[in-house]
Structures are given as C-alpha cells and as structure tokens.
Amino acid sequence: MKTIDLRSDTVTLPTPEMRAAMANAELGDDVMGEDPTVNRLEQIAAERTNKEAALFVASGTMGNLVALLTHCGRGDEAIVGDRAHSFISEVAGMAALGGIQPRALPNQPDGTLALDDIKAAIRGDNVHWPRTRLIALENTHNACNGAPLPPAYLWSVRQIAQDRGLKIHTDGARIFNAAVALGVPVAELTRYTDSISFCLSKGLSAPVGSLLCGPADFVAEARRLRKMVGGGMRQAGVLAAAGIVALETMVDRLAEDHANARYFAECVAGIPGIVLDPGRVKTNIVFFDLEAHLPAAAQFAKRLAREGVLIGAAGERRLRAVTHYGIARADVEQAIGVISQQSTVNSQQTEY
Ligand code: TLP
C-alpha cells in the first residue's frame, strides 16, 4: 500500500533532474564566496524577487532569524502576527538569540494584520519604551489556511512603514504559492517588503535550503550574522544545484497542488462530522476540524495512518493536510475515501 503523506510539503523529495544537478554541481568554498553554484542561485533569487542581493541559508527558520537579527538590535520590538510561524514555531529565536521583543498582533483569518492594529502598536519616543523597528508578515500565511496576501494589502503596510520609519520583513516560505494563486509575478509580492525569505524545500521540492533577499548592504550584514549562527556552509553548491532546478522547473506546477487542495477541501467538507470552509482554501494548505462525536485529532490521525494516509494533528480537534509534488489527484481521492470511512467510527469505539 502506498503511503499518502499529506503532513507537509516539506516531505517532498528531489526530482531526478535535481539529483543529477547535485551530482554534477561545480563547487567551491561558499564562506570564501567561491562556490559558483551558490553564487548563481543567489543571483537567480535576487532577480526573481527583484532585490539587489540574496543569501543562501540552511532553512526557513534560519532565514527569518538572520533577517530579524539584521533588522533589529537587542531591546528593539518587532510587530508580528500571533499565528506567524516566526512567533509560534521558531523556538523564540528572535527573543532568545537576538533580544528582540515580539509584539504579537492578532492575525486576521486572511493572514493579514489589521492596518489600524499595526498603527496603534507602533511605539512613540519615550524613555520607557522599546523602539519599534520592524513589521514582519507571512505570505502565504501557513496557519491562516495558507492564505496569500495580495499586493494591495502589502502596499498599504508599506505606506505605514514608510511614514513611521520602519522596515518590513516577509516570511515568504511559500511566496511562489502566493504568486501562482494570485496570478502575479513574485516580484509584485516582494516589492513592498525590505527583505523576504523563501524556501526551496517546501512545494518547490528541493531537499534543503532557503534564500534571504534584500538590499545589498542588508544582505552583506546578514551574511556576517549567518556565519555567527553557524550557517556558513562550505561546498553548499551541492544543495544550491537542486535549488536552481527548483526555481527553474517547479514553480508553475504549484497550480496543480492548489487545485488538488481545493478538490480535497470540497469533498472533505461534505463528510458528516467535519467542519471545513472550502472557500478559504486558496493554495496548498487545508485545515479542518472534527466535531465532538469524532475522536480527537491525534487519535483520528493515527487511524488514518493505519490506512496509509498521513495527516498532521494541528490542535485538539484540528488537522492540517498539505498537497505537494508527488501527490496526484488519485492519491487525493484515496485520502478522501479513507477520511470518509474513518469518520463513521465514533470516539467511543475501541481501538484495534
Ligand atoms: N513550516 C513547517 C513546520 O514547521 C510547521 C510546515 O510543515 O509547514 N515559515 C513558514 C511559513 C513555515 O511554514 C515554515 C515551516 C518555516 C518558516 C520554517 O522553515 P524550515 O522548516 O525550513 O525551518
């Protein structure tokens, strides 16, 4: 039985073309700036995001951490969403390693921060107060159903940042999903942010790595801080080679993942006992809730796993399914069938 793994798009494996590129990559010492493949990837990333420069980092978490450390000093404040990955799931790196105080504002269901909330949170000049330095956004917004943030909203945040002398960093782990879903070039989504990090190892299917993009002086400083946190990799071109293939071949196909997620959501929404609004599904992430007569999410996920379908528990009664490369429409149909079958088993039924 084939396992259908919908836990995350991080589980994607490199394509045959990526493996070939990795095997044949031209290499050098990247800390010395001499890995031609890393240099090429960084150049391509800067071009795609229309920024002056880019830096190859080990992970999305490292990209956000280095960005925060570069923008903010100790005791500074960064405005973040209360459901942002950098706030919830990055081990409080900004606070622990950077002495940066996160000022968490409620994320709206569409992944945005309300403009009035941002304005109200920006500190004035007072001897008691931290300095507000940064607004951090996330696009697509993972915990908000993978919502893509549109250019008009990003422009509005830019106006506030400009008026108040703040910088903007965007966690664009899935920025290419956002661009494909909104039907705009990725540069339209990066033009209003000072810095952007994006991941190669999620929907784009490369095995490792993220890029942090921004102005040349920002990236030069980020390069020093990447070294500080132990992210100076040597012959990293072996990884970057897969990243180049990812950017060149894996972006347009994200539309297929979005269509599969939407189809999954529409079908699962019709299963009794499951609460899901398919209208919210715009990219490759689907959250759904289990009504009280069904088992709790962790137990439900275990039952699905026994039938070969892996879906992550994302709360007491909440699950998250993510579509990606390697998941075909037939797999989605099979997963829907298993969920439907397991949803007829109530929470009282004994485990087998
Ligand atoms: N997200 C992972 C898990 O950590 C939950 C996932 O399965 O979705 N920003 C965003 C928006 C992310 O979703 C993630 C990873 C990261 C940053 C961190 O990326 P990595 O795992 O490369 O450090």
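This passage describes the overall build of a predicted protein model and then its aromatic pairs.

The protein contains 14 helices and 13 strands. Its radius of gyration is 21 Å, close to the 20 Å that the globule rule gives for 352 residues, so the protein is as compact as a globular protein of that length. The C-alpha trace spans about 60 × 55 × 35 Å along the principal axes. Of the 352 residues, 55% are buried. Among contacts with a separation of 6 or more, 74% join residues 24 or more positions apart.

A pair of aromatic rings is described by the distance of the centres and the angle of the planes. The structure holds 2 aromatic pairs. In one of them, the ring centres of Phe-176 and Phe-198 are 5.2 Å apart and the planes meet at 85°; an angle over 60 degrees counts as edge-to-face, so this pair is edge-to-face. Phe-176 belongs to helix H8 and Phe-198 to strand E7, so the pair ties together parts that are 22 residues apart in sequence. Phe-176, at 5% relative accessibility, counts as buried, and so does Phe-198, at 0%.

The rings of Phe-264 and Phe-288 have centres 6.2 Å apart and planes at 55°, so this pair is tilted. Here helix H12 supplies Phe-264 and strand E10 supplies Phe-288, so the parts tied together are 24 residues apart in sequence. Phe-264 counts as buried at 2% relative accessibility, and Phe-288 counts as buried at 0%.

How values were computed:
Residues are numbered from 1 along each chain as its sequence is written. This is a predicted model: local features need pLDDT of at least 70, side-chain atom pairs count only at pLDDT 80 or more; totals for chains, interfaces and linings use all residues. Side-chain values use heavy atoms; hydrogens and water are left out. Helices (H or I, at least four residues) and strands (E, at least two) are DSSP runs, numbered from the N terminus. The radius of gyration is taken over C-alpha atoms; the globule rule is 2.2 Å times the number of residues to the power 0.38. Buried means under 20% relative accessible area, exposed over 50%, partly exposed in between (1.4 Å probe, protein chains only). Contact means heavy atoms within 4.5 Å. Rings of Phe, Tyr and Trp (its six-membered ring) pair if their centres lie within 6.5 Å; planes under 30 degrees apart count as stacked, over 60 as edge-to-face and the rest as tilted.
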